[in-house]
Amino acid sequence: MFEVIIGLEVHVQLNTKSKLFCSCATSFGEKPNTNVCPTCLGLPGALPVLNKEAVHKAIMLGTALKSQINQKSIFNRKNYFYPDLPNGYQISQFEVPVVGLGELVIDFEDGTSKTIGVTRAHLENDAGKNIHAGSVSHVDLNRAGTPLLEIVSEPDMRNAEEAILYLKKLHSIVRYLGISDANMQEGSFRCDVNVSIRPKGDDKLYTRCEIKNMNSFKFIEKAIKYEVNRHIEAWEDGIHDTEIVQETRLFDPDSGETRSMRGKEDAADYRYFPDPDLLPLIITDEMMEKYSQIPELPDEKKERFVKEFGLKEYDASVITASLEMAHYFDEMMKEGISGKNAATWLTVELPGRFKEGVSIENSPVEAKTLATLVKRIEDGTISGKAAKEVLDYLVENDVEVDAVIEKLGLKQVSDDGAILEIIDGILAANEDKVAEYKSGKEKLFGFFVGQTMKASKGSANPAKVNELLKQRLS
C-alpha cells in the first residue's frame, strides 16, 4: 500500500493596472507586443521600479491565509533561458519571500476538515507567451512583466480530492479578496502539481514529478490520478528508481496521460542571486496596518449565513464557494425571506433552468426578483408548484413576478368561503368515505385534500384546504 504526497504551486495573476516593474498596461487580449516598454523588453539600461499595489495585494492574501508577513524581503534573479523571457532571467523572491508560513482549511462533505500548510507566497514577474503556428513560432511579450503571486503549499495533500478542494478554496479566497479575476481560461489562476508516492508508514519523501501549467480543476484531477497510477506501477514493477525521475511533465487532455517535457531543475540550476537593480522590499508598520484590512472571507461568510439565516453547513458552503452566489444570496435576504427557502431556490431551482454559458454571474433573474418569488410562496399568494412555472417564465422574460402570476392565473385561493364551498361539495358527493374516515380510516384525509385541489384546479391554498377540511371532518 502506498501513500500519495501532493504539493501545489499556484500562480495568481494580480489585477493591477500596470506591470510589476514598469507602467505598461496588463490588459488581456491586446494586439501582440503593444503593451511593452524598454523595461519589460529587457533592453540595456532600463531599470525596474516595484509596483506598490502588487505588494498591497500580496499582504492581503497573506492576511487571509494567516501567514507571517515578512516586513523585509528580497528580490532575486532566477536565471533561465526561454524565447519569451527577454531578460534571460525572471525577477522573483527566493530566500526571503514577502509572505511566509500560513495555512488553508479545506472542508469535506461529511463535515470534517483538514488544515493544509502554506509554505510561502512570493512576488515575481510573468514571462511572455509563445504562439506556435505550424512550423513557425511567434513571441508575444504583452504578458511579460505581469505581476504574479506564487503560492506554494506544503506537501500535505494525500489524494486528488484534497488537492481540488485546496485549489477551489484558494481560488475562492482570491476572488473574495478582489486581488485577481482568477480566470483560469485566461491563465490568471494556474497550477503546477507536484506528485510522489511512498510506502505507507514511511516518512521519507521520494522522487517527485511536476505537472506544469494546469488551468482546469477537471484536468488537474485527471492528471493527478494518472500520475499516481504511473508511480504505483513503477514501484510494483521494481523500476521506480529508473522510471520515476525528477522532471517536468505536461498533461494531454485528449489522451488523459502525462508526458515528459524536460528534466526538472534544482534551485542551484537557476543560479539565484539578489537583483542588484532592486532594493530590499521594506513594509512599514503603517503599510501593514493599512494593507491587512480585508473583506469578509468564505469561511466567515459561511459562519454568518449559518448563524444569521439558519442555513445548514452544507448549503452555506455551496453558496459561499462562489463570490457571485454569496452576493446574490445576501441581496435576496434583504427582502426578509426565509434563509432555507432562499437557499433552495438559489442553489437548486434557478441553476437548474440555466442554459449553457449562463451562471449566477449573468443570471437572467435578478436577486430581488427571485426573492419576491420566494416571498409569494411564503405569504400564500402561490404554491411551490406554481412558483416553478413562474420561474420558467421569468428565465425567458424580464417581467415583474406579480405580473407573471396574474398573467398565468396562478394566484392561490385563500378565501375561506370559496374553499369551504368546494369542500362541502366534495364531502356531500362522498358521504360513504366521510363515514369511513370518521370510523378510523384517517388515510382517507389525503383523498379529500386531493379532490379539493383537483376541483379548485390547483388554485386553492393547500394549507387552508388542510385546515378547513380538519374543521369540517371533526
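## Aromatic pairs

Across the whole structure, a search finds eleven aromatic pairs, a pair being rings of Phe, Tyr and Trp (its six-membered ring) with centres within 6.5 Å, where planes under 30 degrees apart count as stacked, over 60 as edge-to-face and the rest as tilted. One of them is the tilted pair of F219 and F251, at 5.9 Å centre to centre and with 45 degrees between the planes. This pair links distant parts of the chain, with F219 in helix α3 (residues 217-236) and F251 in strand β12 (residues 247-252), 32 residues apart; helices (H or I, at least four residues) and strands (E, at least two) are DSSP runs, numbered from the N terminus. F219 is partly exposed at a relative accessible area of 26%, whereas F251 is buried at 11%, where buried means under 20%, exposed over 50% and partly exposed in between (1.4 Å probe, protein chains only).

## Basis of the model

The model is predicted, so local features need pLDDT of at least 70 and side-chain atom pairs count only at pLDDT 80 or more, while totals for chains, interfaces and linings use all residues. Residues are numbered from 1 along each chain as its sequence is written, and side-chain values use heavy atoms, with hydrogens and water left out.

S188, in the loop between α2 (160-177) and β10 (189-199), is buried, with a relative accessible area of 4%. Apart from neighbours within four places in sequence, S188 is in contact (heavy atoms within 4.5 Å) with H11, V12, Q13, S180, D181, A182 and N183.
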